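Here are my notes on this model, as numbered points. Please read them with the coordinates open.

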Amino acid sequence: MADTVLFEFLHTEMVAELWAHDPDPGPGVSAGSRGEEVGATTGQKMSLSVLESMGFRVGQALGERLPRETLAFREELDVLKFLCKDLWVAVFQKQMDSLRTNHQGTYVLQDNSFPLLLPMASGLQYLEEAPKFLAFTCGLLRGALCTLGIESVVTASVAALPVCKFQVLIPKS
Amino acid sequence: MPLIPSLWESKANRSLEFSCLRPALGAGAGSCVTSGGSRDAARAGPPKLAVCIAVIAKENYPFYIRSTPTENELKFHYMVHTSLDVVDEKISAMAKALVDQRELYLDLLYPTEDYKVYGYVTNSKVKFVMVVDSSNTALRDNEIRSMFRKLHNSYTDVMCNPFYNPGDCIQSRAFDNMVTSMMIQVC
């Protein structure tokens with residue numbers, strides 16, 4: 001029963017630890033109209049990509065371990081359905097609430113009560129802080145897709161906590 | 001069959017040239033385990049094991065290939081390479097088939113006069129190819145399936161190992177030991 005919160009606590013600590021507070025810009029960074037802001041965003045982008053790459057490696061391993069007993073996937077949509085059902089249940093103990101696609105390689109996965117955002121707020125408070133808590137999960141989705149043979153770009157957006165949307169873009173080859 | 005320890009060590013060392021890079025320490029441990037495993041197999045009865053085992057990535061390069069060091073190993077490498085065509089054929093045939101379910105186990109790929117080649121593909125498009133001696137008629141289908149399942153489980157463990165970068169050659173000793181336990185023991 002305590003298992004679910006263990007991951008949530010670990011994730012919260014990870015974000016807190018890796019989040020760059022240093023506003024100094026790195027060498028070679030062009031100054032924007034407000035220098036400090038540019039530095040802050042560069043550092044924050046690094047942290048986001050570090051979190052995302054952590055999620056990516058975990059996703060790669062999960063993508064190998066979870067589908068072991070399932071039969072081979074026929075097409076992309078099957079893989080996405082697997083992500084929404086089996087992967088989400090394994091990591092967050094619930095299924096994804098909705099999956100939409102335009103059949104052109106764009107998929108929108110919506111979770112109406114994302115467990116990592118649930119304890120924070122329910123509404124518009126902390127909206128600016130929410131994206132960094134989604135970076136790891138974006139990487140997780142990308143890593144799992146990569147192991148299953150699909151190169152993709154995953155982004156996340158929050159309109160109001162705890163509802164969040166993950167957008168998966170699969171470029172047509 | 002009586003074991004000759006010195007013969008085993010020389011065989012284990014020869015297989016190093018053809019398998020992926022292993023640290024010298026690992027080689028010593030590997031040869032010890034090889035002899036231990038074969039002793040167990042000899043006690044269990046006639047060996048029902050593979051002659052060559054290969055793990056191929058989805059880009060069709062080998063992560064891991066290991067064969068009994070008695071014969072020309074190049075022949076086994078070549079056999080595995082040609083079997084990849086058959087694997088691709090089977091996968092695309094299954095994709096076109098109207099059957100709802102797709103199996104991971106690919107069954108017999110092709111028989112030659114000396115050997116039979118079996119295949120298995122995972123959901124992540126990693127292929128396992130196993131070459132078995134044709135004279136080993138006692139080897140049944142479900143035994144082959146269980147061997148592939150063991151391979152798949154060990155491969156998954158390797159993937160989850162934080163020291164392993166996906167795409168590298170498999171250097172895990174645990175995986176080596178598991179494969180050794182499945183290879184035919186030749187004295």
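1. With a relative accessibility of 10%, A:Q60 counts as buried; here buried means under 20% relative accessible area, exposed means over 50%, and partly exposed is what lies in between (1.4 Å probe, protein chains only). A:Q60 sits in helix α2 (residues 35-65) of chain A. Helices (H or I, at least four residues) and strands (E, at least two) are DSSP runs, numbered from the N terminus. Setting aside neighbours within four places in sequence, A:Q60 contacts A:G143, A:A144, A:C146, A:T147, B:M159 and B:P166. Contact means heavy atoms within 4.5 Å.

2. On the basis of these notes: this is a predicted model, in which local features need pLDDT of at least 70 and side-chain atom pairs count only at pLDDT 80 or more, whereas totals for chains, interfaces and linings use all residues. Residues are numbered from 1 along each chain as its sequence is written, chains are lettered from A and ligands numbered from 1 in the order in which they are written, and side-chain values use heavy atoms, with hydrogens and water left out.

3. Helix α4 (residues 135-147) of chain A has 13 residues and spans 19 Å from its first C-alpha to its last, close to the expected 18 Å at 1.5 Å a residue. That expected span is 1.5 Å times one less than the number of residues. In α4(A), 12 of the 13 residues are buried, so the helix is largely enclosed by the rest of the structure. After α4(A) comes A:G149, with a positive phi near 95°.

4. What joins A:E52 and A:R142? Their side chains form a salt bridge at 3.0 Å, N to O, where a salt bridge is a side-chain nitrogen of Lys or Arg within 4 Å of a carboxyl oxygen of Asp or Glu. A:E52 lies in helix α2 of chain A and A:R142 in helix α4 of chain A, so the pair ties together parts that are 90 residues apart in sequence. A:E52 is buried at 16% relative accessible area, while A:R142 is partly exposed at 25%.

5. The search of the whole structure gives 6 salt bridges over all chains. One of them pairs the side chains of A:E129 and A:K132 at 2.7 Å, N to O. A:E129 is partly exposed at 34% relative accessibility, and A:K132 is buried at 12%. Elsewhere, salt bridges with shared partners join A:K94, A:D97 and A:D111 into one network. Within that group, the side chains of A:K94 and A:D97 meet at 3.5 Å, N to O, and A:D97 is partly exposed at 41% relative accessible area.

6. A:Y126 has a positive phi, near 65°; A:Y126 is placed in the loop between β2 (106-111) and α4 of chain A and is partly exposed at 41% relative accessible area. B:N60 likewise has a positive phi near 65°. B:N60 is placed in the loop between β1 (52-56) and β2 (62-67) of chain B, and is partly exposed at 34% relative accessibility.

7. Chain B contains 5 helices and 5 strands, in the order α-α-β-β-α-β-β-β-α-α from the N terminus. Of its 187 residues, 46% count as buried. Among contacts in chain B with a separation of 6 or more, 62% come from residues 24 or more positions apart.
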